[in-house]
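Dear colleague,

Please find below the structure that I am handing over to you, together with its sequence. My notes on what was found in it follow directly after.

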Amino acid sequence: MKLLIVEDEKGLRESIEEYFAEAGNICETASSFAEALAKVSLYRYDCILLDITLPGGNGIDILKTIKQKEYNDGILIISAKNSLDDRLEGLDLGADDYLVKPFHLSELRARVSAIIRRKSFNGSNILLFNEIAIDLLAKSIKVKDQAVKLTRKEYALLLYFVANKGKVVSKNAIAEHLWGDGIDMVNNFDFIYSHIKNLRKKLLEAGCNDYIHATYGMGYKFTEQ
Amino acid sequence: MKLLSKYNRVTLVTTIVVMLFTGIIYYVAIKLILVEDIDKDLAVEEHEIFEYVRINHVLPQVFESEDQQIHFEEAAPGSVKRDYLDTLFRNFPSEHHGRHHRHEVFESGRGLISSVAVGNKYYRVLIVKSTVETEDLLTIIFGITAGVILLLLLVLFMTNRLLLNRLWQPFHNLLKELRSFNLSDPNAIPQPETNIDEFKELNQAVSAMSSRVKNDYKDLKTFTENASHELLTPIAVINSKLDTLLQTEHFSDQQSKLLNDLYSAVSRLTRLNQSLLLLVKIENRLLEGHKNINLATVIDDLVIQFEEIFNDKQLNVNVELGEKELDTNPYLTDVLLNNLFSNAIRHNYQGGKINIKLRANQLVIENTGDDIALKPEQVFKRFSKSSSSEGSGLGLTISKEICENLGFELLYTFKNGLHIFTISF
């Protein structure tokens, strides 16, 4: 996939670029309003990660330009502003999603994947990962054509893992993804272990390969190795 | 002491003292004039006696009269000195006056002692006039004066009361406005109508002060908001760098523990920051909009969402939901319930209890926890939290603010080992 990262904060821009950099992905970056506008008018991207507050202008104007020219790029707004109005304004103007800073890179990636999946629908709503087939509309999965019954959270977890395949995903990121804001009431995330254990067990029982690996007590990695 | 009673006290006391003083002067002056008048009459009488003696060379015959008595008495020549004196007037009222028996009545009187020589006899002459009429006159004058004084006092008292109440009305109006002064209310204090300079000045001073205070408060809030906002970017960078660092793998146990600690510290920092921003927004009334929500459904969803967390702490959750529809801000309601649930879970012990009861007019969330009641005035204060708490210390402050914002009432009580939070709609 081809991405444009519009973010003026160097540290954040580099981290995002590095996280998305892998075989088959092309990441371009822009650190100012003018640079972003120039790239947007020249090239098309699968997804644009758009910061709102930029030196030289407002990211919303870039969004407006894209929509005016009826480009079909996916747009994910990343903003420090967590107000409903900003969120609604962004989404009303045609952004696909809105992510508030600070965020986990794995969360960003899951959102980007979701946008790209929606954009490149191609009449199919099945996401394939080796022997796992995820039906995005029915929110159900099949392993080797056998239906596997997952709970709502297990399904979300699997989707999250698939979007972040090959990456170590921290327990914090998983907990925040599944439980949202409510997660700040627990002092450790050990209880997500049982969730992951259940998902893994169900997949293994359906004859799936073991893709979920614990890494150093910090998180999990969904990988073919 | 009220200004009115203080003012009344001073004016009434002064009025009474001045009135008494003038009354005394008045009385003395009238008395002096009247006595002088009587003295003149006495002198005329004396003169008549002298004339009579000079012409007739005998003492005049004495007739008893209602208001005048004359006595002659032989005396040693030259022993009598002419003098006026206050004395008693012996009155012998006639039979029909004195009813059954002749009765001597003493009245106050004024006398003149003089002397007259008839032939070679020397007489002491005492002329006494009754002053009863004078006294009566004085009494009437005194009565009228006292009546006027009383009337004056009454009128003064009443007018003071009416006038002062009327005069101070702008002050009381302003006081009422000041009492209901709300720092976060964007409206300025309305200035009560008045055409009195002092109150105009007071109004101006109050409105200048309130706008200054409001400005300072706004600056402070803007500062909090800006500071929290500025913090977001570095936190975002730290977060993303940690996620990136995680990808490099090959960590020792020690390193992974350090990373874990860093993660939880950063997420605490993130939540603290978000709470601060949220608090500013709620206080600034920046979160508007409302729609009809079914509270029972919202709570149900939340309970399902938190199921694993309840299970993790082996909490016994008891939910009794009545039907309740509210027309309110869904986002704030969500934050409110989230905060109260978090609170009930965080301060609970392993295997504890949570009761959630939704009734027509209130939502009650009870939880077990430390067996000590919290101080109700401390519970909702910012950053007031137990030392063991991992929370931001803002959760309940935010809840309280949201309740105020949405027009609910949030109360804390402690009963039978249960910490009880009650929202009254």
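I begin with a pair of strands in chain B. Strand S3 (residues 105-118) and strand S4 (residues 121-130) of chain B are paired in the antiparallel sense, with 10 bridges between them. One of the residues involved is B:Val118, whose bridge partner in S4(B) is B:Lys121. Please bear in mind throughout that this is a predicted model.

The two strands belong to an open sheet of 4 strands in chain B, in which the order is S1-S4-S3-S2 and the pairing is antiparallel. Strand S1 (68-74) and strand S2 (83-91) of chain B each have a single partner strand and stand at the edges, so one side of each has no neighbour in the sheet. From one strand to the next, the twist averages 35 degrees. Helix H1 (residues 3-56) of chain B packs on this sheet and touches S2, S3 and S4 of chain B. The direction of H1(B) makes about 35 degrees with that of S3(B).

Chain A also deserves a description. Its 225 residues include 40% that count as buried, and the chain contains 8 helices and 14 strands. Among contacts in chain A with a separation of 6 or more, 57% are between residues 24 or more positions apart.

An open sheet in chain A has 4 strands in the order S8-S9-S10-S11, with antiparallel pairing. Its edge strands are strand S8 (126-129) and strand S11 (146-148) of chain A, each of which pairs on one side only. Neighbouring strands of this sheet are turned against each other by 30 degrees on average, direction ignored. Within the sheet, S8(A) and strand S9 (residues 132-135) of chain A pair in the antiparallel sense over 4 bridges. A:Phe129 has A:Ile132 as its bridge partner in S9(A).

I turn next to the nonpolar cores. The largest of them has 58 residues, and those with the most contacts inside it are A:Leu158, A:Tyr160, A:Ile174, B:Leu279, B:Leu340 and B:Ile398. Helix H8 (residues 330-346) of chain B contributes the largest share of this core, 8 residues. If its neighbours within four places in sequence are left aside, A:Ile174 is in contact with A:Leu157, A:Tyr160, A:Val169 and A:Ile192. Another core, of 36 residues, lies apart from the largest one; A:Cys47, A:Tyr98, A:Val112 and B:Ala236 are among its residues.

Two helices of chain B also pack against each other. On the H5(B) side, the contact is made by B:Ser275, B:Leu278, B:Leu279, B:Ile282 and B:Glu283. On the H10(B) side, it is made by B:Thr397, B:Ile398, B:Glu401, B:Ile402 and B:Asn405.

Finally, the contact between the chains takes 33 residues from chain A and 40 residues from chain B. On the side of chain A that touches chain B, the elements giving two or more residues are helix H1 (10-20), helix H5 (105-119), strand S12 (168-170), helix H7 (171-179) and helix H8 (191-205) of chain A. H1(A) provides the largest share of that side, 6 residues.

With kind regards

Note on methods. Residues numbered from 1 in each chain as written. Chains lettered and ligands numbered in written order. Predicted model: local features only at pLDDT ≥ 70, side-chain atom pairs only at ≥ 80, totals over all residues. Pairing = 2+ DSSP bridges. Axes fitted to C-alpha atoms, helices over the stretch in contact; angles between N-to-C directions. Contact = placed C-beta atoms within 7 Å. Core = buried A, V, L, I, M, F, W, Y, C linked by C-beta atoms within 7 Å. Buried ≥ 20, exposed ≤ 12 C-beta atoms within 10 Å, placed from the backbone.
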